[in-house]
Amino acid sequence: MSERVAVVGAGIVGVSSAEWLRRAGFDVTLIDRLEPGSAEQTSYGNGGILARCAIIPVPTPGIWRKGPRMALDPNQPLFMRWSYLPRLLPWLLRYLASSREAQVRKTAAGLATLNLDTVDQHLALARGTPAEAYVKPGLYAYVYPSRAAFEADAFGWDIRAEHGITGQALEGEALRAWDPNLSPRYKFAYLMEDHGIISSPGRYVAALADWFQSQGGHIQRADVQAVQALEQGVSLTINGQSQTYDRLVLATGAFTDALSRGLGIKAEIEPERGYHLLLKQPNFMPKQALMVADHKYVVTPMEDGLRIAGVVEFGGFKAGKSAAPLDLLRRSIRQFYPDLTWQDEETWLGYRPATLDSLPLLGPHPEHSQILFAAGHQHIGLTAGPKTGRLVADMMAGRHPNTDLSAFAPDRFS
Ligand SMILES: Cc1cc2nc3c(=O)[nH]c(=O)nc-3n(C[C@H](O)[C@H](O)[C@H](O)COP(=O)(O)OP(=O)(O)OC[C@H]3O[C@@H](n4cnc5c(N)ncnc54)[C@H](O)[C@@H]3O)c2cc1C
């Protein structure tokens, strides 16, 4: 009989893990309090970019100086809900300490392990399923006000180049021809191949979950209150009742600490709040996805309109949407595309699972190898979800992946 595995969390990381585990021959139950692909999931509202190049974390050298200034300026993409600061402070200080160059390089190397073959990994997961229709390989461009602004980001671009991530510069007439709608304020773009988008991240997650179920996987809608390691197997508390499985994967994104503490693991994952504006029926769309580099948000042509996604806000789970980050996105896109108009708009808030060193927790519990962590993918969960799922299935099946995963050890903060 196949071993029974519970995967808690049905965002992109959990759905990918469940499907790869099913393919590896496990009897898998995917458990979430939400519908896979629903609007409350972070995996629904992200920028949709298969961001091969996204290996540079938010904290980089100089953040101690720049960060406080940015958090006080409503024209900068970093916001703080000040009432939350006392609670956040111990975590924040450790997070900022990860801005040292040596740590940034270590983080970049770890993220490169998960990101570099993102398009192939999505195709390997989705090919032959209805989800494949949402995977759109293509270019990704960083757009800057000037070449000097691009060069000021040399620290990140040099590290990317060391990992083989390079692109082509576009300026002047060539830039105007490439995107005639661009404001003249923007004078430089850096175009990279081997990227892509998911044209509707929510529907993609839902389609993967439907496929998983149609092939014999089980889906349970439930809130998991606690998890406990047994001598053999695991016990999940759901509605006060215990359910037992042989093995467990925690793919619970920003909510991981609530369950991991009962297992003696401090995941130290903070919800890094991010926003999107979906501009419906715009009068035009760019051909491919862009990063507006000075305000650090992405512009992605999606099935339902033009999605503008980004902004980092610290403020926990409880507070609702803040007006200022959405206002910044609105002001900024008008500056970027002065002729853009739209009929209607959707606004969204989600929680990036941010760890102290911007690397996910990926691997077995140090004492209970039947429990595996796959959480904390901060800005790159959509990009790295399918590869993460494949690594989870390899580890559980005892197929040692030919990859050094030590940087992702789940107990490194405990
Ligand atoms: C504005 C914004 C833009 C982004 N843009 C990009 C992008 O362009 N490219 C990219 O790669 N990434 C991007 N990201 C990051 C990406 O969206 C996340 O890293 C990713 O969605 C995390 O996926 P996940 O499966 O770990 O978490 P989630 O999608 O949050 O899923 C976790 C699931 O676990 C469930 N859960 C948790 N605890 C329990 C429990 N106790 N019981 C039952 N269920 C539970 C939750 O209900 C949830 O459904 C962006 C994020 C934001 C906010």
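Helix 5 and helix 8 are oblique to each other, and therefore neither roughly parallel nor roughly perpendicular; by the convention used, angles under 35 degrees count as roughly parallel, over 145 as roughly antiparallel, 65 to 115 as roughly perpendicular and the rest as oblique. The model is predicted, with local features requiring pLDDT of at least 70 and side-chain atom pairs counting only at pLDDT 80 or more, whereas totals for chains, interfaces and linings use all residues. Residues are numbered from 1 along each chain as its sequence is written, and side-chain values use heavy atoms, with hydrogens and water left out. Helices (H or I, at least four residues) and strands (E, at least two) are DSSP runs numbered from the N terminus.

The axes of helix 5 (residues 101-115) and helix 8 come within 11 Å and cross at roughly 45 degrees. Axes are lines fitted to C-alpha atoms, for helices over the stretch in contact, and angles run from 0 to 180 degrees between N-to-C directions. The crossing of these two helices, helix 5 and helix 8, is right-handed; a crossing is left-handed if the near helix is turned anticlockwise from the far one by less than a right angle, and right-handed if clockwise. Glu101, Val104, Arg105 and Ala108 of helix 5 meet Phe155, Ile159 and Glu162 of helix 8, contact being defined as heavy atoms within 4.5 Å. This contact of helix 5 with helix 8 comprises 4 nonpolar, no polar and 3 charged residues. In this classification Ala, Val, Leu, Ile, Met, Phe, Trp, Tyr, Cys and Pro count as nonpolar, Asp, Glu, Lys and Arg as charged, and the others, Gly among them, as polar.

The count of aromatic pairs comes to 19. Rings of Phe, Tyr and Trp (its six-membered ring) pair if their centres lie within 6.5 Å, and planes under 30 degrees apart count as stacked, over 60 as edge-to-face and the rest as tilted. Tyr142 and Trp157 form an edge-to-face pair, with 4.9 Å centre to centre and 80 degrees between the planes. Distant parts of the chain are linked by this pair, Tyr142 lying in strand 5 (residues 135-144) and Trp157 in helix 8 (residues 154-162), 15 residues apart. Strand 5 runs antiparallel to strand 7 (residues 188-198), to which 9 bridges join it; two strands pair if DSSP finds at least two bridges between them. Within strand 7, Phe188 is the bridge partner of Tyr144. Strand 5 is also joined by 4 bridges to strand 14 (residues 289-292), and these two run parallel. There, Val143 has Val292 as its bridge partner.

An open sheet of mixed pairing is formed by 6 strands in the order 8-2-1-12-19-18. Strand 8 (218-221) and strand 18 (361-364) stand at the edges, each with a single partner strand, so one side of each has no neighbour in the sheet. From one strand to the next, the twist averages 20 degrees. Strand 1 (residues 4-8) and strand 2 (residues 27-32) run parallel and are joined by 5 bridges, with Asp27 of strand 2 as the bridge partner of Arg4. Helix 10 (residues 201-214) packs on the sheet, touching strand 2 and strand 8, and its direction makes about 125 degrees with that of strand 8.

Helix 1 (residues 12-23) packs against helix 10 at an angle of about 25 degrees, with the axes 10 Å apart. This angle makes helix 1 roughly parallel to helix 10, and their crossing is left-handed. Ile12, Val15, Ala18, Glu19, Arg22 and Arg23 of helix 1 contact Tyr204, Val205, Leu208, Ala209, Trp211 and Phe212 of helix 10. The residues of this contact of helix 1 with helix 10 divide into 9 nonpolar, no polar and 3 charged. Helix 1 also packs with helix 13 (residues 381-396), at an angle of about 35 degrees and with the axes 7 Å apart. The crossing of helix 1 and helix 13 is right-handed. Residues of this contact include Trp20 and Leu21 of helix 1 and Gly385 and Gly389 of helix 13. By class, the contact of helix 1 with helix 13 has 9 nonpolar, 6 polar and 1 charged residues.

An open sheet of 3 strands has the order 9-10-11 and antiparallel pairing. In the hairpin of strand 10 and strand 11, with 2 residues between the strands, Asn239 takes a positive phi near 50 degrees.
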